[in-house]
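Thanks for asking me to look this over.

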Amino acid sequence: MFLIPCKTQAFERYNRVVKYNKYFSKYSKRYFGPGFDWRYFKAQAVAESRLKAKAKSSVGAVGVMQIMPKTFKEIIKKNPSIKGTREQPRWNIAAGIFYDRMIWKVWKAKRPFQDRINFMFGSYNAGKGNVLKAQELAKRKGMNPNLWESIEPTLPEITGKRSRETIGYVKKIHKIKEVL
């Protein structure tokens with residue numbers, strides 16, 4: 001899916017979609033702690049599926065958080081408290097936020113909070129291996145590998161045209177979060 005630039009007001013309507021807020025809040029607290037703003041994950045879900053429980057991608061991702069089958073199996077193996085299927089909104093959201101937490105732990109090096117958020121969402125979209133490769137390339141080029149602004153110019157050398165989707169995805173989540 002190619003992400004086009006978006007106007008912030010286009011996302012204001014998602015403030016009226018509250019049926020999953022309890023899950024975003026609950027699992028954000030569970031996996032990130034009470035001080036973490038759960039609206040980041042709602043914004044991510046808007047970017048992923050427009051909060052549509054029956055959303056399916058051409059590559060096999062399903063649900064509100066667009067979880068791939070292999071990723072869901074990895075998540076439930078590491079977190080048996082996720083009891084349902086990836087097709088069920090509650091468990092899809094729980095799995096997506098738990099997966100974000102797994103990625104969040106990878107990016108624990110000293111960096112600003114917003115950069116860590118960007119690394120997490122960028123990894124969710126492009127795969128953490130690709131972001132790690134972009135980080136290594138940034139380091140070789142003399143850039144600070146712990147800043148997202150160093151990943152944006154190096155990611156295209158790793159993922160090609162797909163990098164535009166990832167960079168747009170991260171920016172889109174922030175735009176959506178601004179209005180939630």
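The points below go from the overall fold to single residues and salt bridges.

1. **What kind of model this is.** Please keep in mind that this is a predicted model.

2. **Overall dimensions and surface.** Along the principal axes, the C-alpha trace spans about 45 × 40 × 35 Å. The accessible surface comes to about 9500 Å², and 53% of that belongs to carbon and sulfur atoms. Of the 180 residues, 53% count as buried. If you look at contacts with a separation of 6 or more, 58% of them are between residues 24 or more positions apart.

3. In soluble globular proteins, nonpolar side chains tend to be buried together. Here the largest nonpolar core has 51 residues, and Phe24, Ile82 and Ile97 are those with the most contacts inside it. Each of the helices, from helix 1 through helix 8, supplies at least two residues of this core. Helix 4 gives the largest share, with ten residues.

4. Which residues does isoleucine 82 contact, leaving aside its neighbours within four places in sequence? They are Tyr31, Phe72, Ile75, Ile76, Trp91, Ala94, Ala95 and Phe98.

5. **Helix 1.** This helix covers residues 21–32, and its twelve residues should span 16 Å at 1.5 Å a residue; the end C-alpha atoms are 16 Å apart, which agrees. Its buried residues are Asn21, Tyr23, Phe24, Ser25, Tyr27, Ser28, Tyr31 and Phe32. The buried residues of helix 1 pack against helix 2 (39–49), helix 4 (89–106) and helix 5. Just after helix 1, glycine 33 takes a positive phi of about 100°.

6. Is serine 123 buried or exposed? Serine 123 sits in helix 5 (residues 113–126), and with a relative accessible area of 1% it falls under the 20% cut-off, so it counts as buried. Apart from neighbours within four places in sequence, serine 123 is in contact with Ile103, Trp107, Lys128 and Val131. Alanine 126 is also in helix 5, and it is buried at a relative accessible area of 8%. Again leaving aside neighbours within four places in sequence, alanine 126 touches Val131, Arg162 and Thr166. The C-alpha atoms of alanine 126 and leucine 155 are separated by 9.4 Å, although the two residues are 29 residues apart along the chain.

7. In one of them, the side chains of lysine 177 and aspartate 37 meet at 3.1 Å, N to O. This pair links distant parts of the chain, with lysine 177 in helix 8 (residues 162–179) and aspartate 37 in the loop between helix 1 and helix 2, 140 residues apart. Both lysine 177 and aspartate 37 are buried. Asp37 and Lys177 also belong to a network of salt bridges that includes Arg39.

8. Lysine 78 and glutamate 74 meet through their side chains at 3.5 Å, N to O. Both lie in helix 3 (residues 69–78), four residues apart, which is about one turn of the helix. Lysine 78 counts as exposed, at 52% relative accessibility, while glutamate 74 is partly exposed at 28%.

9. **A salt bridge between a loop and a helix.** Lysine 141 forms a salt bridge with glutamate 157, and the closest N and O atoms are 2.4 Å apart. Lysine 141 lies in the loop between helix 6 (128–140) and helix 7 (148–159), and glutamate 157 is in helix 7, so the pair ties together parts that are 16 residues apart in sequence. Lysine 141 is partly exposed at 43% relative accessibility, and glutamate 157 is partly exposed with a relative accessible area of 49%.

Terms used: Residues numbered from 1 in each chain as written. Predicted model: local features only at pLDDT ≥ 70, side-chain atom pairs only at ≥ 80, totals over all residues. Heavy atoms only, no water. Buried < 20%, exposed > 50% of the residue type's maximum accessible area, 1.4 Å probe, protein only. Contact = heavy atoms within 4.5 Å. Expected span 1.5 Å × (residues − 1). Salt bridge = Lys/Arg side-chain N within 4 Å of Asp/Glu carboxyl O. Areas by Shrake-Rupley, 256 points an atom, 1.4 Å probe, with all protein chains shown as cover. Core = buried A, V, L, I, M, F, W, Y, C linked by side-chain atoms within 4.5 Å.
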